[in-house]
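Please read them with the sequence and the model open beside you.

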Amino acid sequence: MAAAFHFELCDLPRDEARALRSKVRNFLNDVSAGWTIADRARSWTAFDRDFSRQVGRHGWIGMTWPANYGGHERSALERYVVLEEMLAAGAPVAAHWIADRQSGPLILRVGTDEQKREFLPRIARGELAFCIGLSEPDSGSDLASLRSKATRISGGWRLDGAKIWTTNAHQSDFMIGLFRTAPASETARHIGLSQFLIDLKSSGIEIRPIADLTGESHFNEVRFDAVFVPDSMMVGREGDGWAQVNAELAFERSGPDRYLSAYPLVPPMLDAIGKTGFEAQAARDVGRLVARLATLRAMSISVAGMLQAGATPLQEAALIKDLGVDLEQDTPRLVEDLVGLPPAFDDPGGLAAATAYVTQVAPTFSLRGGTREIMRGLTARGLGLR
Amino acid sequence: MDLAALLGDQLERLFLDHVDRNCLHAAESGIWPAALWSAVEDFGLRTALVPEAAGGSGLGWSEAGAILQRTGRFAAPIPLGETMIAAALLARAGIAIPEGVLVFADGRALKVDDGLIEGRLPAVAWAHAASHLVVAAGPDDDTRLCLLDLRHAEAHPLRSIGRDARDDVVLRGAKPVATAPIEAAAAVGILELGALMRASQIAGALRRVMELAVDYANTRQQFGRPIGRFQAIQQSLAQLAAEVAAAEVASAAGWRARDKSEAGLGKAGFEAAVARIRCSEAARLGCAIAHQVHGAIGVTDEHMLHYFTRRLWLWRLEFGAETWWAEELGATVLEAGGDKLWPLLTRDDPA
């Protein structure tokens with residue numbers, strides 16, 4: 001049997017990482033004075049344009065991109081240091097996160113020079129927020145079944161259809177959406193899909209936030225009714241959308257955001273358990289949690305190294321996502337167990353509130369970026385089972 | 001090809017030729033696999049971790065980890081890791097390395113009185129097959145690495161789930177063949193080396209268990225198709241794969257930290273604990289899945305699976321059990337407080 005997956009350990013570049021980490025930590029120390037535990041637990045769903053512009057001014061968005069497109073020409077591993085520090089601190093990164101992680105790299109890889117010059121510098125300054133238009137009301141895990149279509153018209157394309165579960169669409173400037181530009185055939189359902197850069201202020205777009213169980217709105221339904229997109233806003237080649245999306249997902253599935261979503265609960269949990277007098281069982285549970293965290297970090301950095309080397313480690317990314325979301329979803333329960341949280345609370349910023357928040361968003365951890373079942377199916381394919 | 005890769009390939013071919021069901025069965029009946037051991041000795045693997053200046057191959061700990069992973073992958077019934085690590089400890093302390101099979105143990109519970117060693121070492125792996133034992137013993141201000149001749153010790157054979165030889169070793173006023181001073185902290189390091197050795201073996205054996213399960217799923221037909229076509233089986237095997245990946249990365253990261261600490265880049269205890277805990281967890285979860293996929297045939301004596309799963313269950317408990325390490329690590333983290341955890345996790349490049 002061929003090796004289905006292979007992780008080579010990767011070291012962060014020691015001197016660069018050390019200097020950078022220290023700068024990021026100092027910055028976060030300065031700006032985080034007013035953040036409650038509950039604020040930190042929101043981290044990469046918390047949308048704060050001011051914060052993103054500050055991060056941009058430090059040169060921490062678009063870090064690996066060429067300088068002529070506003071980037072900073074640093075390595076993917078240095079970028080990793082910034083990402084993990086932001087997440088560990090629970091910084092409100094949503095206003096630049098998706099553009100930095102997915103949309104910008106996609107434009108850089110397959111976009112036109114004009115697109116690169118127009119979008120990348122503004123993303124790197126923390127001024128442009130992006131969302132990802134993939135899922136549709138009738139196309140979730142079966143993404144190839146999507147029906148929203150782009151029809152060629154004079155000077156460009158006309159978009160019709162609907163996207164759903166679009167995180168932060170209501171606060172974003174642009175969407176990169178996947179639309180059908182040619183009919184699928186029975187045997188090749190993945191053909192005929194293309195990606196477009198869509199200005200969300202275009203006429204014919206209706207964005208409807210979907211209130212969720214937290215009482216907040218993160219998701220949206222975005223409807224397209226004869227929306228015009230100029231030719232120049234197609235991303236990559238017509239019909240290549242499926243391959244482009246899949247390459248993009250290796251970035252989405254393996255980053256530190258795939259195991260650190262619940263991390264901001266952990267330090268306050270340790271403090272609440274106390275430095276002395278804890279039960280042996282509590283220590284064991286903490287020890288196991290830390291072993292899982294440390295191992296996932298080594299796995300995630302390994303994949304960052306593969307991405308830096310130009311590989312597309314889809315198998316490895318799927319394994320990290322599977323293990324990472326398990327850890328994230330276990331965390332709120334562990335906090336409840338070990339701290340003995342009360343059922344109700346009056347401090348909206350405290351550990352109990354933060355844990356309640358994570359408990360409510362945790363079901364999405366194993367949905368976003370590909371469901372657990374899809375991830376495991378992908379692994380099974382790699383193992384030679386299908 | 002570098003030396004470590006060359007040795008690894010040689011070892012792999014040797015194991016492919018020699019370590020089959022008959023070999024494992026004989027070893028578990030108490031028959032020492034002399035031919036296998038002498039072939040391993042001929043490769044010079046006994047002193048693979050001994051610096052070149054002292055006559056060894058000068059491999060680093062990470063390279064040793066890759067070799068140990070191969071011993072796990074075949075469940076090779078020989079104390080190669082034990083011998084390699086014991087020889088490395090002796091060489092680093094400047095003690096001449098004796099011939100034959102060597103083992104090592106955590107000796108911190110032993111008493112040293114006027115140079116003579118007293119006490120009991122529980123369940124030492126392969127003690128009765130070995131000529132010598134390496135332990136660190138003595139008070140904190142006078143800890144010494146000691147080489148003991150096992151002919152002068154009592155070895156009480158024990159039974160274990162793995163069925164490889166394990167013995168309680170009792171020392172009654174034993175006089176070491178040689179001693180050398182080492183730091184008290186290094187005594188803990190010996191336990192960590194044992195833990196890392198088992199972590200790598202777990203990673204190797206667990207990958208083999210995954211391969212056996214995948215092969216079985218692709219072969220065994222039920223309801224008119226291979227059971228591996230069923231999504232329920234695929235999902236389980238994907239979980240097993242994730243555990244294999246975690247074990248491989250955790251054990252490798254443990255050895256990498258050991259290499260760095262030897263180069264003066266800090267202490268490796270944290271990574272050793274992480275490797276130990278995560279690999280043991282992976283063994284527990286992974287064995288359960290592999291047996292479930294195999295159905296009843298997997299628990300029969302005739303099938304190969306149990307030679308791996310029984311050792312995986314045993315290795316979780318040696319050189320400090322999974323729960324012991326988890327408690328130690330957890331207590332350290334709790335005592336340090338919440339603010340210290342992230343710097344600890346990222347300390348390979350401390351800010």
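1. I begin with one link between the chains: Asp11(A) forms a salt bridge with Lys260(B), and the closest N and O atoms are 3.1 Å apart. A salt bridge here is a side-chain nitrogen of Lys or Arg within 4 Å of a carboxyl oxygen of Asp or Glu, and the count between chain A and chain B is four salt bridges.

2. Some ground rules apply throughout. This is a predicted model, in which local features need pLDDT of at least 70 and side-chain atom pairs count only at pLDDT 80 or more, while totals for chains, interfaces and linings use all residues. Residues are numbered from 1 along each chain as its sequence is written, chains are lettered from A and ligands numbered from 1 in the order in which they are written, and side-chain values use heavy atoms, with hydrogens and water left out.

3. Turning to the whole interface between the chains, 56 residues of chain A are in contact with 56 residues of chain B, where contact means heavy atoms within 4.5 Å. Chain A and chain B bury about 4800 Å² between them, 66% of it on carbon and sulfur atoms; buried area is the accessible area (1.4 Å probe) that two parts lose on being put together, summed over both. Leu9(A), Arg288(A) and Leu385(A) supply 14% of the area that chain A buries against chain B, more than any other three residues.

4. Within chain A, the assignment gives domain 1 (14–129), domain 2 (132–239) and domain 3 (244–383), with bounds that come from an automatic or database domain assignment. The centres of domain 1 of chain A and domain 2 of chain A, taken over C-alpha atoms, are separated by 25 Å. Between these two domains of chain A, about 1500 Å² is buried, 59% of it on carbon and sulfur atoms. On the side of domain 1 of chain A, Phe47(A), Gln115(A) and Phe119(A) lose the most area to domain 2 of chain A, together 29% of what that side buries.

5. Across the interface of domain 1 of chain A and domain 2 of chain A, the rule finds two salt bridges. The side chains of Arg49(A) and Asp173(A) also meet in a salt bridge, at 3.2 Å from N to O.

6. Finally, is Thr71(B) buried or exposed? Thr71(B) counts as buried because its relative accessibility is 3%, the cut-offs being under 20% relative accessible area for buried, over 50% for exposed and partly exposed in between (1.4 Å probe, protein chains only). Not counting residues up to four places away in sequence, Thr71(B) touches Leu11(B), Phe15(B), Ala76(B), Leu80(B) and Gln201(B).
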